[in-house]
Amino acid sequence: DLHSFPTRRSSDLEIEAMSYSKPVIATTAVGAAPDMIKGNGFIVEEKDSAQIREKLYEILSNPKLEEEMCKKSVSIIEEEFQYKNMIEGFNKAIKKE
């Protein structure tokens with residue numbers, strides 16, 4: 001299983017999929033993609049169906065890669081997307097102004 005939602009808008013679906021230990025394929029249209037996709041999936045060009053297909057095949061044809069990406073998704077959620085860490089990040093951003 002994996003999550004691919006080739007949208008032109010950012011959504012929380014990527015984070016939800018990661019919390020369920022899924023690799024994620026996001027497009028460059030998702031502005032937060034670089035903050036979410038860190039070895040747990042791929043970022044592809046918006047509207048590039050060939051690239052999406054290529055990355056889907058790459059993950060689904062390689063069980064070891066898929067397993068590593070699943071583990072990485074959960075790790076990213078646990079380390080970076082917990083409320084405590086997000087609040088600390090917001091506080092740091094506010095103090096920089």
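Helix α5 has 14 residues in this predicted model. From first C-alpha to last, α5 reaches 20 Å, close to the 20 Å expected at 1.5 Å a residue. The helix is hardly covered: the count of buried residues among its 14 residues is zero. Even so, α5 (83-96) supplies at least two residues of the lining of the largest pocket.

That pocket holds about 160 Å³ of space. Rolling a probe the size of a water molecule over the atoms shows where empty space is left. The lining consists of I15, S19, I77, F81, Q82, Y83 and M86. Helix α1 (13-19), like α5, supplies at least two residues of this lining. By class, five of the lining residues are nonpolar and two are polar. No charged residue takes part in the lining.

The chain as a whole contains five helices and three strands. Along the sequence these elements follow the pattern β-α-β-α-β-α-α-α. The chain has 97 residues, and buried residues make up 30% of them.

Strand β2 (residues 24-27) is covered on both faces. V24 and A26 are buried on one side. I25 and T27 are buried on the other. In a regular strand the side chains alternate between the two faces of the sheet. Strand β2 runs parallel to strand β3 (residues 41-44), and four bridges join the two. Within this pairing, F42 of β3 is the bridge partner of I25.

Helix α4 (residues 63-80) has 18 residues. Its first and last C-alpha atoms lie 25 Å apart, close to the 26 Å expected at 1.5 Å a residue. Buried residues in α4 are L65, E66, M69, C70, S73, I76 and I77. They cover an arc of only 140 degrees around the axis, which puts them on the same side of α4. An α-helix has 3.6 residues a turn, so residues three or four places apart point the same way. The face of α4 turned away from the buried side carries the exposed residues K64, K71, E78 and E79. I77, one of the buried residues of α4, is also among the residues that line the largest pocket.

K72 is another residue of α4. K72 and K22 are 50 residues apart along the chain, yet their C-alpha atoms are separated by 8.9 Å.

P23 and E67 are 44 residues apart in sequence and 8.5 Å apart in space, C-alpha to C-alpha. P23 has a relative accessible area of 0% and is therefore buried, since the cut-off is under 20%.

Helix α3 (residues 49-60) is made up of 12 residues. At 1.5 Å a residue, α3 should span 16 Å. Its end C-alpha atoms are 16 Å apart, which agrees. Residues I52, K55 and I59 of α3 are buried. They cover an arc of only 70 degrees around the axis, which puts them on the same side of α3. S49, R53 and Y57 lie on the other side of α3 and are exposed.

Most residues other than glycine have a negative phi, and most peptide bonds are trans. S21 is not a glycine, but its phi is positive, at about 60 degrees. S21 sits in the loop between α1 and β2. With 25% relative accessibility, S21 counts as partly exposed.

K47 is found in the loop between β3 and α3. At 65% relative accessibility, K47 counts as exposed, because the cut-off for that class is over 50%.

Conventions. Residues numbered from 1 in each chain as written. Predicted model: local features only at pLDDT ≥ 70, side-chain atom pairs only at ≥ 80, totals over all residues. Heavy atoms only, no water. Expected span 1.5 Å × (residues − 1). Buried < 20%, exposed > 50% of the residue type's maximum accessible area, 1.4 Å probe, protein only. Arc of directions from axis to C-beta. 1 Å grid on protein atoms, 1.4 Å probe; cavity = no way out; pocket = protein on both sides within 12 Å on 5 of 7 lines; lining within 4 Å. Points joined across faces, edges and corners; volume = space filled by probe spheres on them. Nonpolar A, V, L, I, M, F, W, Y, C, P; charged D, E, K, R; others polar. Pairing = 2+ DSSP bridges.
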